[in-house]
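Me: I would like to go through the charged side-chain pairs in this one. Could you take my questions as they come?

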Amino acid sequence: MKDSSDRSAEKLNARKSRKIVGISLFLAFFLLFAFLGTRLLVIAVGKNVKNVNLNDRAEKLYTQTQTQTLKARRGSIYDANGNPIAEDTSTYSLYAVLDKSQRSLTGKPLYVVNKNKTASVLAKYLPITKKKALKILSPKNKHPFQVEFGSAGTNISLLTKKKIEAKKLPGIDFVQKQARLYPNGVFSSNLIGVAVSETNKKTGASNLVGQMGIEQAFNKTLSGRNGYKDAQYDVYGYKLPGKRQKEKPAKNGDNIYTTIDSRIQTLLESEMNSVQSQVHPAGMNAVLMDAKTGKIVAASQRPTFNAATLSGIGSAWTNTLTADTYEPGSTMKIFTMSASIDSGHYNGNDTYESGRYSIDGKIVPDWNPSGWGYITYNKGFALSSNVAMAHLEQQMGPKTWKKYIKRFGFLKSTNSGLPGELSGKLQFTYPIEQADSAFGQGIEVTTMQMMQALTAVSNNGTMMKPYFISKVTNSTNKKIIKKYGKQVVGHPISAQTAKAVRKHMQDVVYKSYGIGADYKIKGYRVAAKTGTAQVSNGSGGYASGDDSYLYSVAGMVPANNPRYVMFITMKQPKLTGTKTATQLLAEIFKPVITRALQNSNAKQTTVKRTMPSVAYQTTTYAKRILNEKGFNVVTIGSGDTVLKQSPSAGKSVSEQKRVFILTSKGWKMPRIIGWSKNDVEEFCSLTGLKLESTGKGYADSQSISFEKSISSGDTLKVNFE
């Protein structure tokens, strides 16, 4: 047993040990507290841990920044009178969510609940049957997240979207898409061009991008610039107070005003359609231009496309004004005659032997190989003699002739601003090639080059650059940003030469032996030159056969002091023998240039015309007859036969009055913005639509969207201002 002294010592040692442990623990806790306190102080002051800013991390954890793109509106394209040719609109695509896990915060289903009801509603408002809609809503894949409805679920108008949304169908959602509206359909489509929606691969944003014509050439001007808006929200979606919102407003695209006259353009399209339906040419081109300024009043081509539906665009991507070259044939003789007279080599009363002419062992033939015996050069031009032109080229010499070719602006771009403009070509090495170019073979030109060169003759020696834009304006404040107008690009010939050439061009039309009598217009003197050129076979030679020619005409009216120049080409028509190529081209030339001359008289009084009977006639014939009389024709439907017309036959109607023809099928809603109340009432009466209107004046809204199918009994709501 331990004695009491040992026990006392043990107790003392135990107390001592506990004291040491206690002190050690105290020191340890003190040091730890001091370290943590110091660390917290450092963090509190510096707000950084391992180079991570705690403020930023907390803000990111409990807040979220949303960037909203502010879409710029694409600028509109207008005709010469301020009527829209192309403008922005919105369409929608529809999709259906089928995933049953998709619910709102309150547990409300965000997926299609009643497929039968949903299919019935979609079939009512979309071009799809209930059976097909139900099939799409019940896919073989048992666990799809969502489904779409193909073409039936795209390009949905705002009005249709609202009607579907009003049915409150769970799981049916829409995606908005910027779209382009072309209310006139086929309307100088290749010159105006199209803009379609493209998605940026980096940002995922979609924007309208011009693909051809003015839409492409002025894409940057029309596009504007998108803006953005940044804002911060908490995890519940509420905007945080006191947070500064970053915003850069969108800049809408500028508007472009063209020089196209809608009344003339509509008539030109109608006449082109008529000729196309008769002989189905491989291609056609027609341009009407102001003779003094170079302003293009109307321009059309075939093949072309409907800009509203894009129907036919696959075969009509080329803008033949600038991006297509061809051998002009005998219309080139205008410039050969000009060069010969201007260079002092022309003696019109001298004679030559027509029919055939040998140059360096090669034969230049006339279109009449037997010729007309010995004739004067004056008569040779009116008869469109190739041999006469070959002689004129040789008299001038190739050096002088080539100088004039260049002075007239051939072999170089007109710098129109349109994409893909070509410069043309010339084969000019050998004497036979030099002679061939004098009557339009071995030289390739564009229509824009021809129009430019023709102004030198129509404008007394001063050559004007063709133009088709009059101004660019700010879409917000309407201020003019840039103006376009007449621009002199050369003086290839003298005024005396130009007048002399126009006199020879009149001989083509009015001399008994001239070959252009079909172009006579009552009340106006016409200067014209026809052309016939063989078409290349693509292998260095020429195609053979009756349908292997390009026919053309260049005309100036009135001849003594031209107001308008018109140039038309028709490539490889399938002539039936009932009409010549000249007669067919005259069917376009005469009504279009006559209408232009009538419209150009500013002091002209309102002309009253008797409404012809076109009921039960073909739609093509009816449109042509009405357009020729100066009426503004609205065709309702896609049928081949006219069922009704308004106003009725025999009624006295003002020229330029809007008249309606109703066909047997395919009724679609026209764009009525800007129509008078009388016109809208007349349209509704003819179609059987029920009109609900407010206000007076001109329509500024329509409840049935453009190109939407319509039928008798539908209700049309319109506000007039």
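Me: Is Asp 254 buried or exposed?
Reply: In this predicted model, Asp 254 is buried, its relative accessible area being 10%.

Me: And which residue forms a salt bridge with Asp 254?
Reply: Lys 251 does, with 3.7 Å between the closest N and O atoms. Lys 251 itself is partly exposed, at a relative accessible area of 35%.

Me: What about Asp 261, which side chain does it meet in a salt bridge?
Reply: The side chain of Arg 263, at 3.5 Å from N to O. Asp 261 has a relative accessible area of 14% and is therefore buried, the limit being under 20%. Arg 263 counts as partly exposed, with 34% relative accessibility.

Me: Changing topic: which residue pairs with Arg 624 in a salt bridge?
Reply: Glu 587, and the closest N and O atoms of that pair are 3.6 Å apart.

Me: Are Arg 624 and Glu 587 buried or exposed?
Reply: Both of them are buried.

Me: Which residues are linked in a network of salt bridges?
Reply: Arg 74, Asp 88, Arg 180 and Glu 215 are joined in such a network.

Me: Last one, how many salt bridges does the structure hold?
Reply: There are 13 salt bridges in the structure, including the one between Lys 251 and Asp 254.

How values were computed
Residues are numbered from 1 along each chain as its sequence is written. This is a predicted model: local features need pLDDT of at least 70, side-chain atom pairs count only at pLDDT 80 or more; totals for chains, interfaces and linings use all residues. Side-chain values use heavy atoms; hydrogens and water are left out. A salt bridge is a side-chain nitrogen of Lys or Arg within 4 Å of a carboxyl oxygen of Asp or Glu. Buried means under 20% relative accessible area, exposed over 50%, partly exposed in between (1.4 Å probe, protein chains only).
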